[in-house]
Amino acid sequence: MKDPYKLLGVGRSASRDEVKRAYRKLAKKLHPDVNPGNKTIEHQFKEVSQAYGILGDAKKRKLYDEGRIDAGGQETGWAGGTYRDFTEGGAGRFRKGDFGADLNIEDIISEFFGGRGRAQGARGRKARPQRGADVHYKAPIGFLDAAIGAKKRIRLTDGKVLNVKIPAGTEEGQTLRLKGQGTAAKGAGPAGNAYVEVQIEPHPFFTRDKSDVHLELPITLQEAVLGATVTVPTVHGKVSMKIPAGSNSGTSLRLKGKGVLDRKSRTKGDQYVKLVVTLPDKPDQELKEFAERWTKAKGYDPR
């Protein structure tokens, strides 16, 4: 994974707003909806989104700057080894040399919990099969996948591929249990489980507050003054929305039930659309002259 600062094209002293602006600019250019079928661009978009997931979060950015997590958001140190050495080692092994030998965590566990079984076996009673070790991962999940649910095959940092069912309304930091996708058992015992801690990737347009979704929508001066019916994206698809005449920048309109499923109440939140009046990129002389005439005639002062 490349340095998040280089991916977003910002310096280490960049403010949070500068980081956000850099990400939005790249996301609009690289978003898969704008570049359908382009796998190279899709990969670049994922890299940029993951970089913003680090630098856009004050806590994660501090941990990265201190060298405590890497560019993928994984911890770089844990109890003399690494977090991944313990949780993602495939067979649950510590690094060689951590305790003077290459130890297997299953052997350690069996000494504490399996001793009685062996003793009973010596007296003629059969020991119960030992279950395989559980493994723990952290994995990035798409914003929309977490919001509306999905079935995905995700590739982890150690190369392992897992089949994951993502429930609608999945939240940041939530842990998903994947039964039987952990370490295989020795002998006839069942495999352990895999536990995946969700890291939701940021979206170029949507932000989320629990079950509510927020969106900034650019509108024209004409739409703001005269009103209009426009098409608005939601996490569930595009819908029509009426803009009242005389709307100002900053006006917030609610789309009821177009938010994310609340897993406790089983109801959907709302989407809030913040209007942003946007002038043409190129100067319009006619608009400028009209504004000058209108201002002189009305004496308008919003302050």
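**Exposed loops, an open sheet and a packed helix**

At 56% relative accessibility, Arg266 counts as exposed (exposed is over 50% relative accessible area, buried under 20% and partly exposed in between, with a 1.4 Å probe and protein chains only). The structure is a predicted model, in which local features need pLDDT of at least 70, side-chain atom pairs count only at pLDDT 80 or more, and totals for chains, interfaces and linings use all residues. Residues are numbered from 1 along each chain as its sequence is written, and side-chain values use heavy atoms, with hydrogens and water left out.

Arg266 sits in the loop between β11 (261–262) and β12 (267–268). Its phi is near 60°, a positive value in a residue other than glycine. Lys210 also has a phi near 60°, again positive and again not in a glycine. Lys210 belongs to the loop between β6 and β7. With a relative accessible area of 70%, Lys210 is exposed.

The protein has nine helices and 13 strands. These are DSSP runs numbered from the N terminus: helices are H or I with at least four residues, strands E with at least two. Of its 303 residues, 35% count as buried. Among contacts between residues at least 6 apart in sequence, 50% join residues at least 24 apart; a contact means heavy atoms within 4.5 Å.

An open sheet of four strands runs in the order β6-β7-β13-β10, with mixed pairing. Two strands pair if DSSP finds at least two bridges between them. β6 (206–209) and β10 (252–255) stand at the edges. Each has a single partner strand, so one side of each lacks a neighbour in the sheet. Neighbouring strands are turned by 30° against each other on average, direction ignored. Four bridges join β6 to β7 (residues 212–219), and the pairing is antiparallel. Asp209 has Asp212 of β7 as its bridge partner.

The largest nonpolar core holds 35 residues. Such a core is a set of buried Ala, Val, Leu, Ile, Met, Phe, Trp, Tyr and Cys residues joined through side-chain atoms within 4.5 Å. Those with the most contacts inside it are Ile154, Leu162, Leu217, Val232, Met241 and Leu275. Neighbours within four places in sequence aside, Leu217 is in contact with Val230, Val232, Met241, Val273, Lys274, Leu275 and Val276. A second, separate core has 21 residues, including Val10, Ala14, Val19 and Val48.

Helix α4 spans residues 58–65, and its buried residues are Arg61, Leu63 and Tyr64. Seen down the axis of α4, these fall within an arc of 160°, so they line one face of the helix. The arc is that of the directions from the helix axis to the C-beta atoms. On the other side of α4, Ala58 and Lys59 are exposed. The buried residues pack against α1 (4–8), α2 (16–30) and α3 (39–55). At the start of α4, a side-chain oxygen of Asp57 comes to within 2.9 Å of the backbone nitrogen of Lys59.

His31 lies in the loop between α2 and α3. At 8% relative accessibility, His31 is buried. Residues up to four places away in sequence not counted, His31 touches Phe45, His203 and Pro204.

Terms used: Axes fitted to C-alpha atoms, helices over the stretch in contact; angles between N-to-C directions. Polar contact = N/O pair within 3.5 Å; in protein donor to acceptor, adjacent residues only side chain to side chain.
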